[in-house]
Structure formats: structure tokens, C-alpha cells
Amino acid sequence: SSDLLKRRNQLLMNDRETVGSSLEFRKKALTEEEVYREYGYLTMRDGTRLPYVVWRIKERGKYPTILSYSPYTESGATFDTVKRFLEAGYAYVGANVRGTGSAEGAFSYYHPIEGPDGAEFVEWAGSQPWSTGNVGMVGASYRGHTQIKVAALRPRHLKAIVPMSLDGNEYRDEGMPGGIFNAGLMAIWTFSAQPELARIGV
């Protein structure tokens with residue numbers, strides 16, 4: 001609707017005004033010496049601690065914030081991974097779901113708790129002094145599924161999601177497409193992807 005478009009445009013304008021001089025960084029390539037990296041843990045309401053990494057430009061100001069949240073290497077995101085977001089004027093937060101990486105708790109595939117946990121990350125990121133309060137989530141596959149679960153809870157600071165490479169039903173679309181067991185995917189996941197992720201501690 002026109003009201004939604006107006007609201008979106010106003011949020012974008014507010015962020016541009018708040019970021020201010022950091023716009024200069026968008027005109028040139030950033031180096032790792034020009035940014036902050038912070039590792040930490042966020043304690044969930046039940047006491048479980050989940051790891052995160054924050055990347056942000058050293059230039060003082062407030063930045064709209066990107067959150068990537070999954071069981072993979074989010075809390076260990078490298079400068080090369082996040083550079084394009086920082087150069088575009090964003091702060092970046094990478095966070096791991098329960099039982100993955102160095103996170104406490106037990107991992108369960110697509111567990112519903114990932115929604116409330118992710119919403120806590122959104123609200124935490126949006127309330128930091130370096131954030132404008134506007135948080136967006138990005139990512140494909142598992143990173144996309146976590147976005148849907150978080151957005152369903154409508155956390156106050158979440159302004160946008162960009163989920164990609166999703167399926168509507170794990171059984172029908174991945175496990176048994178067309179009623180045929182997807183042996184190729186299961187073999188890759190079981191004998192290649194998971195052992196490699198375990199080897200590097202994800």
C-alpha cells in the first residue's frame with residue numbers, strides 16, 4: 001500500500017541522516033583496520049548462552065543493522081563475509097542457534113525455539129548504541145527459515161527480512177520430492193556436509 005511505501009521510505013531516510021559521515025565509507029573499499037569486531041554471548045530468557053559476532057565501522061554513528069542467524073558459521077563470520085554490508089553502511093551481527101558452533105543447549109533441526117531466540121537477538125541488536133534500531137535479517141536456506149520463524153513473532157526492531165532458497169515443506173520439497181526419496185541430498189548432507197562442519201567445529 002502507499003502507506004507502507006511511505007513508511008519504508010521514511011525509515012530509509014532516517015537511517016541515512018543518522019549514519020551521516022559514514023556515507024563516505026560507501027565510496028571506497030574498507031580495510032579490516034577501519035572496523036570493529038566484537039565476540040560475545042547473549043543469554044536467552046532460560047539462561048542458555050548463544051554466541052555472536054558484531055562487525056561495525058569505527059566511524060562514530062548509528063547504523064541500520066543486519067542479522068544473520070543459523071547453525072553454521074554465523075558467530076565466526078569473517079571480514080570478507082561481512083565487508084559488503086559494512087561498505088553499504090550497515091552494522092553486522094552473526095549469531096548461532098542453540099547447540100551449534102560454541103552455543104550452549106541442544107541442536108534440533110528447525111526447532112521452534114529458534115524463533116524466540118532469534119527475536120531476542122533482533123531486540124538486543126536494535127537497542128545497541130551503535131544501531132539505529134532498524135534491524136533486517138538476510139540469508140538463504142537455513143538462514144532463510146530462521147527469518148520466517150523470527151518474523152512471525154514480530155519483534156519491534158525487525159524492519160525487513162530477505163529469505164532465499166526456502167522450501168514450504170521439508171518432507172515434500174526436500175526429503176521426498178514427487179514421492180521419491182531424495183538420496184542424493186541426504187547422502188551429501190550425511191556423508192559430506194555434516195562431517196566437514198563437525199571437523200571445523202560448527
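This is a predicted model: local features need pLDDT of at least 70, side-chain atom pairs count only at pLDDT 80 or more; totals for chains, interfaces and linings use all residues.
Residues are numbered from 1 along each chain as its sequence is written, and side-chain values use heavy atoms, with hydrogens and water left out.

**The whole chain**

Of its 202 residues, 40% count as buried, where buried means under 20% relative accessible area, exposed over 50%, and partly exposed in between (1.4 Å probe, protein chains only). Contact here means heavy atoms within 4.5 Å, and among the chain's contacts with a separation of 6 or more, 66% are between residues 24 or more positions apart.

Next select β1 (residues 35–43) and β2, which run antiparallel and are joined by nine bridges; two strands are taken to pair if DSSP finds at least two bridges between them. Within this pairing, Y36 stands opposite R56 of β2. The two strands form a hairpin with five residues between them, and G47 in the turn has a positive phi of about 95°.

Stay on β2 (residues 49–57), a mostly covered strand in which seven of the nine residues are buried.

**Helix α2**

Move to α2 (residues 79–87), whose buried residues are F79, V82, F85, L86 and E87. An α-helix has 3.6 residues a turn, so residues three or four places apart point the same way. The cover over the buried residues of α2 includes β1, β2, β3, β4 and β5 (131–140). After the helix comes G89, with a positive phi near 100°.

**S70**

Which strand holds S70? Select β3 (residues 63–70) to find S70 there; S70 counts as buried because its relative accessibility is 0%. A polar atom of the S70 side chain lies 3.0 Å from the backbone nitrogen of Y72. Leaving aside neighbours within four places in sequence, show the residues in contact with S70, namely A95, N96, V97, T100 and R143.

**Y109 and its patch**

Now go to Y109, in the loop between β4 (91–96) and α3 (114–126). Y109 is partly exposed because its relative accessible area is 42%. Selecting F107 and W189 along with Y109 displays a nonpolar surface patch of about 290 Å². Patches are made of residues with over 30% relative accessible area and no salt bridge, like charges being joined within 9 Å and nonpolar side chains (Val, Leu, Ile, Met, Phe, Trp, Tyr) within 5 Å; a salt bridge is a side-chain nitrogen of Lys or Arg within 4 Å of a carboxyl oxygen of Asp or Glu.

**L166**

Finish at L166, in the loop between β6 (158–164) and α5 (170–175). Is L166 buried or partly exposed? L166 counts as partly exposed, because its relative accessibility is 38%. Leaving aside neighbours within four places in sequence, L166 is in contact with S141, G144, H145 and I148. The C-alpha atoms of L166 and I148 are separated by 9.8 Å, and these residues are 18 residues apart along the chain.

Methods. Helices (H or I, at least four residues) and strands (E, at least two) are DSSP runs, numbered from the N terminus. A polar contact is a pair of N or O atoms within 3.5 Å; within protein, one must be able to donate a hydrogen and the other to accept it, and residues adjacent in sequence count only if both atoms are side-chain atoms. Accessible areas come from the Shrake-Rupley method with a 1.4 Å probe; for residues, only the protein chains shown count as cover.
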